[in-house]
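Good morning, and thank you for joining this meeting.

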Amino acid sequence: MENAMPVTESPAKIDIIEWDALYQTVSQELLSRYNYPCMIDDEIKHGLFPPSAFLSEGDTRLKVLKYDNSFAALRLWNFLLSEEDRLWEARRGGKKIFGVMKDLGTASIIPYAVKNSVGFYPDGAWWTPCIMELSAGLLDIADKMGVKEDCCPVRATLGAFVDGKRFPVPDLCIGAVGTCCDDYSAIMQRIEALGNKFIWWELPLNKYRNKPENDRQLRKLVDFVADELRAVAKAVGEVAGEEITESKLHKTIQKANNVRRIIRRIRDLAYGVSPAPIPALETLICEMVVIHFCSDIDDADPVLGGMLAQAERRAGLGWGIASEDAIKIFWVNPVADLKMMNMIEDAGARVAGSEYLISHAFNIIDENKPPFEALAEAVLADPMIGPSEDRAGMIIKEIQRYGAEGVVISQIPGASHCAYETNLIKNIIKDKLGLPTLEITAPSICDGREAGFSTRFEALCEMINERKR
Amino acid sequence: MITCGIDIGSRTSKIVLYDSSTGKSLASLIEDSTYNQKELAGSILDKALENCGLKQADVACTIATGYGRNLVETADETVTEITCHARGARTVFPEASAIIDIGGQDSKIIFVNGDGLVRDFMINDRCAAGTGRFLEVAARIFGVELDQMGEVSKNPDQQVDISGMCVVFAESEIIGLISKGVSRSSILNAVERSITKRLLSMAGRGKFGQQVVFTGGVAMNSGMVRTLQQEIDRELLIPPIPQITGALGAAIIAFEKSRKNK
């Protein structure tokens, strides 16, 4: 396992300059095995690059992040940061490109059932204002189109479609609507109005989870969603010029499950083992890769496999990136500013469990059921499409599973679901578990408020430490 | 044993030298915060030591707190203002169940349990409309000294409301009310109620308990004390020098750490 080979022996978080120095120690033979694109001096080069190489693509936020110092993490970052370039290469190579939007993890499997197709997640553009420190102007474009900051920062996706520089215009967008956040539903409709081709499918409200007495209603929902996904598959097949058969889909589900098995194991190690074998930031990225395979389902497997091997090796040796007594924090909702993941660790904590609205993407899809039915069941496990009490219940189970001692609920400014459910979730956690729960609202760039966030994180840790004493 | 607590706030910086043999503060100082907080931390420490005839070597441990806590070079450790305010308030009022701290640029509500441990906290550092900054703006508009505002706002002749979500809009509302002929007393009263409303909305369903301590510079404003008392329906406990509560807590934590390490 080449990815299990650490660049250095002891795990640490290092900055971009330290990575440059460390990179020099990696053998050329090893580096030459990789082929990730990166724009350097206005020219696409291929290989495996230190994070600093991506600064020339405008990803300036990389300068302030701290990274895991493993070779596996280096590959993970290359996989992540090269995605846009890989999409452009896919377009030039004649591949069909599908923009899978909103469902976060299930519909993205479908395009991979046909050859020469790539599924990606345009919603991921919500990280661009952070990674490029607002220089891409995506939020400004959305502002000018009347989608202003009272809307979720995922409005950057609208900016990305208008801008046309981030990713190629998809041959087809697959948009999930219904019981999804209304901000994004509105944004997708604006994107369609720009002339982008869409197939819409409905995410229904699932209020029948975990209630055996409602099996019949749940069955109806499964049938409904399976039909919706059949329509999606038909549309994808038409664009790709290749029919998606159940057999092809079944094989793709098996591939997706392989990736899901890896992330499940990574999460168990990253969240459950002390000291934490890999940092919160890289764990977050591993989780996000799973929802759309970072535009390459075949490479997602070894990339995450490398991280898993690294985590297993460190866990076996008792090595970690935080101290053994770091406070175990469960994190709810993803943050736009990736630096927050570093900051929580700097405050003396580690992330021990997460619900980034994508937990359903970690479930193993039933390979013994007809594929559309199995996918429909996977869709219906989405934490966002049921009552908030259900989501709180899922969070509580995960908190107990990983033994978290405190909770951070990170609100996304302007995101309607946060406004509706944050207090509810906070109160349920407090009532049922009595855990200290901190609520924050994290902007795309937190620099101006960094001191305030650090104070909150440190105060949460102090509070938990005092209780322990 | 002498220990030191330094609280570098966004508006003022405070220092307390604590003598564990008497359980009292030996000296305390409050100075306006400056751009060079590192230098300020050193200079207030020197002044406080000089006032007591002590040298730096006499201080067993120093804890820094507040916004600029990481800039205090003489500090042995840093502790957040949440923990320090709770400890300071509980030192003055041992039965304190909640602490309301309104500073120049932020406000906090801290709930403590029966053992004196922080059980929850909220900080508002985004909206100046819930902080002392709003009082300063209003005082400037009316040419009233901050410590006189409570007297002026005591007897409003009518109830008006300020609904602005930020100080800038609220300032426009004040100008609008002035142009309508609303009295200074009524407007300042509205300002106090507006700050109170914004502050208490942070608490959500948090229960204040019976012993609520009011700290920070704004606790010296009688109008704010009056309005807060009305809203939470109980008398507020106010430390003799409310601004130094965090620094006092820091000095006491410094003593506890020193004792533990001996």
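I shall speak about some backbone features of chain A and then about the interface with chain B.

Please bear in mind that this is a predicted model.

Let me begin with the backbone.

Asp42(A) is not a glycine, yet its phi is positive, at about 60°. This residue sits in the loop between strand E2 (36-40) and strand E3 (43-47) of chain A. Is Asp42(A) buried or exposed? With a relative accessible area of 76%, Asp42(A) is exposed, because that value is over the 50% cut-off.

Glu133(A), which is likewise a residue other than glycine, has a positive phi near 45°. Its loop runs between helix H5 (128-131) and helix H6 (138-144) of chain A. The relative accessibility of Glu133(A) is 29%, so this residue counts as partly exposed.

I turn now to Ser444(A). It is found in the loop between strand E12 (437-441) and helix H17 (450-468) of chain A. Ser444(A) counts as buried because its relative accessibility is 10%, under the 20% cut-off. Beyond its neighbours within four places in sequence, Ser444(A) is in contact with several residues, among them Pro129(A), Cys130(A), Leu139(A) and Asp337(A).

Finally, let us consider the interface. How many residues of each chain are in contact? Chain A contributes 20 residues and chain B contributes 19. The area buried between the two chains is about 1,700 Å², and carbon and sulfur atoms give 45% of it. Of the area that chain A buries against chain B, 32% is supplied by Arg456(A), Met463(A) and Glu466(A), more than by any other three residues.

Three salt bridges are found across this interface. Lys430(A) forms a salt bridge with Asp120(B), where the closest N and O atoms are 2.1 Å apart. There are also seven residue pairs in polar contact across the interface of chain A and chain B. On the side of chain A that touches chain B, the largest share, twelve residues, comes from H17(A). The residues of that side comprise five nonpolar, six polar and nine charged.

Definitions and conventions
Residues numbered from 1 in each chain as written. Chains lettered and ligands numbered in written order. Predicted model: local features only at pLDDT ≥ 70, side-chain atom pairs only at ≥ 80, totals over all residues. Heavy atoms only, no water. Helix = DSSP H or I, 4+ residues; strand = E, 2+ residues; numbered from the N terminus. Buried < 20%, exposed > 50% of the residue type's maximum accessible area, 1.4 Å probe, protein only. Contact = heavy atoms within 4.5 Å. Buried area = accessible area lost by both parts, 1.4 Å probe. Salt bridge = Lys/Arg side-chain N within 4 Å of Asp/Glu carboxyl O. Polar contact = N/O pair within 3.5 Å; in protein donor to acceptor, adjacent residues only side chain to side chain. Nonpolar A, V, L, I, M, F, W, Y, C, P; charged D, E, K, R; others polar.
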